Amino acid sequence: MSHSSSTQGIPEAASVPRHIAMIMDGNGRWATKRFLPRVAGHVKGVETVRDVVEACASRGVEFLTLFAFSSENWRRPADEVSFLMKLFVSALEREVAKMHVNGIRLKVVGDLSRFDEKLQKMIADAERKTAGNARLTLTICANYGGRWDVMQATAKMVAANPGVTEFSEEMLAPHLSMAYAPEPDLFIRTGGEQRASNFLLWQMAYSELYFTDTFWPDFNAAALDQAIASYQQRERRFGRTSAQVVAHKKAS
Ligand code: IPE
Ligand code: IPE
Ligand code: MG
């Protein structure tokens, strides 16, 4: 693997985060505040996705990961769930060709087996079409759960090592659904809640956390720059003392 684990080594920390992971929250409240149906917030949220992808790419972010639908979001009213599925299909139909032109590699991770076949095929086609692009890797987490990810990786690790009873982090890592990406440097959650909601539990071991009250449909490039500026103020110690971090910076 080209990147190191934050627990097995000390990752290189660049001034622009290599990987940003976001929980896009607050669509429903954005709409309710405007006396609109909740789904109007989801529609507006897709526009934000488009702007944020472009903003990240132009700032040199290599990986952007967006939480679009959690393994717990099936608990929502059936009409909201089916609207979200249709929105996902229409966003793929409208955006994939543009993404391809703009050098975006698309990945969709999560338990996709629960989606209907048409959607699964669209996802596979979009991933295949954009697989060679290198400007930015956009990962959409759909029917994703952090616990699901650790469990599916564990099952694969055990199957890949018959008879083995002792395991290590290095043995698990290649089976996690985002093994192609470094761990997120910066985690952003919009919408005011300060919780992980079963997002990238394993991968966020040393991510810098940033929370904003801004609802996702109102998030934009300027708000992204504020989050990156906050990130740039942090001292990432990965367990060391501040003096060690300073000495390491001088040496390198
Ligand atoms: C996030 O916005 C989008 C999804 C979870 C699909 P919400 O729909 O959770 O919006 P709020 O939190 O109800 O405002
Ligand atoms: C997290 O948001 C999931 C996504 C943004 C897709 P939720 O709105 O579902 O999270 P909770 O239920 O408030 O924790
Ligand atoms: Mg929410």
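## Starting with a definition

## How confident is the model?

Please keep in mind that this is a predicted model. The protein has a mean pLDDT of 96, and 99% of its residues reach 70 or more. Among the elements, strand 1 (residues 19–23) has the highest mean pLDDT, at 99. The lowest mean, 94, belongs to helix 8 (residues 242–251).

Six of them form an open sheet in the order 3-4-2-1-5-6, and their pairing is parallel. At the edges are strand 3 and strand 6 (208–211), each of which pairs on one side only. From one strand to the next, the twist averages 20°.

To see one of these pairings in detail, look at strand 5 (residues 186–189), which runs parallel to strand 6 and is joined to it by four bridges. Within this pairing, Leu-186 stands opposite Glu-208 of strand 6.

## The largest pocket

The largest pocket holds about 1,100 Å³ of space. Its lining has 43 residues, and those nearest the centre are Met-24, Asn-27, Phe-67, Ala-68 and Phe-69. Two or more lining residues come from each of helix 1 (27–33), helix 2 (38–58), strand 2 (63–70), helix 3 (78–101), strand 3 (104–109) and strand 4 (136–144).

What classes of residue make up this lining? There are 20 nonpolar, ten polar and 13 charged residues in the lining of the largest pocket.

## The second largest pocket

The second largest pocket has a volume of about 390 Å³. It is lined by 17 residues, with Ala-13, Ala-14, Arg-236, Val-245 and Lys-249 nearest its centre. Helix 7 (221–233) and helix 8 each supply at least two of the lining residues.

Helix 8 gives the most to this lining, with three residues. Sorted by class, the lining of the second largest pocket has seven nonpolar, four polar and six charged residues.

## Salt bridges

Side chains of opposite charge can pair when their charged atoms come close. How many salt bridges does the structure hold? The structure holds 18 of them.

One to find for yourself joins the side chains of Arg-135 and Glu-54, at 2.7 Å from N to O. This pair links distant parts of the chain, as its two residues are 81 residues apart. Arg-135 sits in the loop between helix 4 (117–130) and strand 4, while Glu-54 belongs to helix 2.

How values were computed. Residues are numbered from 1 along each chain as its sequence is written. Chains are lettered from A and ligands numbered from 1 in the order in which they are written. This is a predicted model: local features need pLDDT of at least 70, side-chain atom pairs count only at pLDDT 80 or more; totals for chains, interfaces and linings use all residues. Side-chain values use heavy atoms; hydrogens and water are left out. pLDDT is the predictor's confidence in each residue, from 0 to 100. On a 1 Å grid over the protein atoms alone, a cavity is a set of points where a 1.4 Å probe fits but cannot get out, and a pocket is an open set with protein on both sides within 12 Å along at least five of seven lines; lining residues have an atom within 4 Å of a point. Grid points are joined across faces, edges and corners, and a volume is the space filled by probe spheres set on the points. Ala, Val, Leu, Ile, Met, Phe, Trp, Tyr, Cys and Pro count as nonpolar, Asp, Glu, Lys and Arg as charged, and the others, Gly among them, as polar. Two strands pair if DSSP finds at least two bridges between them. Axes are lines fitted to C-alpha atoms, for helices over the stretch in contact, and angles run from 0 to 180 degrees between N-to-C directions. A salt bridge is a side-chain nitrogen of Lys or Arg within 4 Å of a carboxyl oxygen of Asp or Glu.
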